[in-house]
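Hello,

Here is the structure I said I would pass on. My notes on it follow below.

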Amino acid sequence: MKSTFTTADGLTLAYDIHGTGTPVLCLAGLTRNMDDFDPIVDIFAAQAQIIRLDSRGRGASDFDPNPMNYTIPQEAADAVALLDHLGLERCAIIGTSRGGLIAMVLAATAKHRLTGVLLNDIGPELNPAGLAHIMDYLGRPSAFTSFDDAAEKLPKAMSAQFANVSHDQWRTYAKRIWSEGPDRLHLRYDPKLRDAIEAQGASGETPDLWPLFHALSDLPLAALRGANSNLLTPECWAKMLELRPDMIAAEVPDRGHVPFLDETEAVEVIAKFIERLAS
């Protein structure tokens, strides 16, 4: 059952908590929500306290009346506000895509609140081809009429990155991204996220994110890369491994951006990460 808290600027954000043990906060990608972490709840709630947050404008959380507030620093501040609301001094973060960027920002600005970070298909360099792919669909209405329609058509649409995904897996994927309407599927996020991303990219300048990665030093670190990812390049991945030889890491075959987190390789990395947090 989802709970809520109120941010300093008056938005109601949704979160839930499963299990007990070392606290792990799960932060989803740009257009995604807490449902992406269902496999972590199912597998690891007996070993850790799994906290899931819907960032502002996503899932069951309020849409921001000012879409220019959809920024990584603001969403990082919201994550800290949730920790304060829960009375947690520190936690680990499992961050998928944008959620991983938020984790790196927190390592640079509030490292004392972190016990470790797991990055799911994200690093300090963002492949322009992957960013362009995101902009192709960001804020656009769904082309699918139902969850079954999506499950039938997604394999062809996403075959370049994802293979060996069953119909039932695609249907579950669709239910995490869209809600069912009378005639078609609807977005589960504020379409004005597109306005925010376009405004933030208007300068054309690409920030250097490597200092944020270096800010993770001295923290337990784990990472996953979809072997077919179009956002986290093999070159960036190799550099991350070189800089952090202690990083618990694996590439997930037949997956792009992003792994579903139920794959054998992903489960093994998450298990080792949680074990390291508890040691």
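How many bridges join strand β2 to strand β4, and do these strands run parallel or antiparallel? The model is a predicted one. In it, β2 (residues 12-18) and β4 (residues 48-53) are joined by four bridges and run antiparallel. Asp16 has Arg52 of β4 opposite it.

Both strands belong to an open sheet of eight strands with mixed pairing, in the order β1-β2-β4-β3-β5-β6-β9-β10. At the edges stand β1 (3-6) and β10 (248-252); each has a single partner strand, so one side of each is left without a neighbour in the sheet. On average, neighbouring strands are turned by 20 degrees against each other, direction ignored.

Two helices are worth noting. Helix α3 (residues 98-109) lies across β3 (22-27), β5 (91-96) and β6 (114-120), and runs at about 140 degrees to β5. Helix α10 (residues 264-278) also packs on the sheet, where it touches β3, β4, β5, β6, β9 (221-226) and β10. The direction of α10 makes about 170 degrees with that of β10.

Then the cavities. The structure holds two of 30 Å³ or more. The largest has a volume of about 80 Å³, and its lining includes Arg32, Asp36, Asn120, Tyr173 and Phe260. That lining divides into five nonpolar, two polar and three charged residues.

The second largest cavity holds about 40 Å³ of space. Among the residues that line it are Leu30, Arg32, Arg58, Glu75 and Ile102. Here the division is four nonpolar, two polar and four charged.

Regards

Note on methods:
Residues numbered from 1 in each chain as written. Predicted model: local features only at pLDDT ≥ 70, side-chain atom pairs only at ≥ 80, totals over all residues. Heavy atoms only, no water. Pairing = 2+ DSSP bridges. Axes fitted to C-alpha atoms, helices over the stretch in contact; angles between N-to-C directions. Contact = heavy atoms within 4.5 Å. 1 Å grid on protein atoms, 1.4 Å probe; cavity = no way out; pocket = protein on both sides within 12 Å on 5 of 7 lines; lining within 4 Å. Points joined across faces, edges and corners; volume = space filled by probe spheres on them. Nonpolar A, V, L, I, M, F, W, Y, C, P; charged D, E, K, R; others polar.
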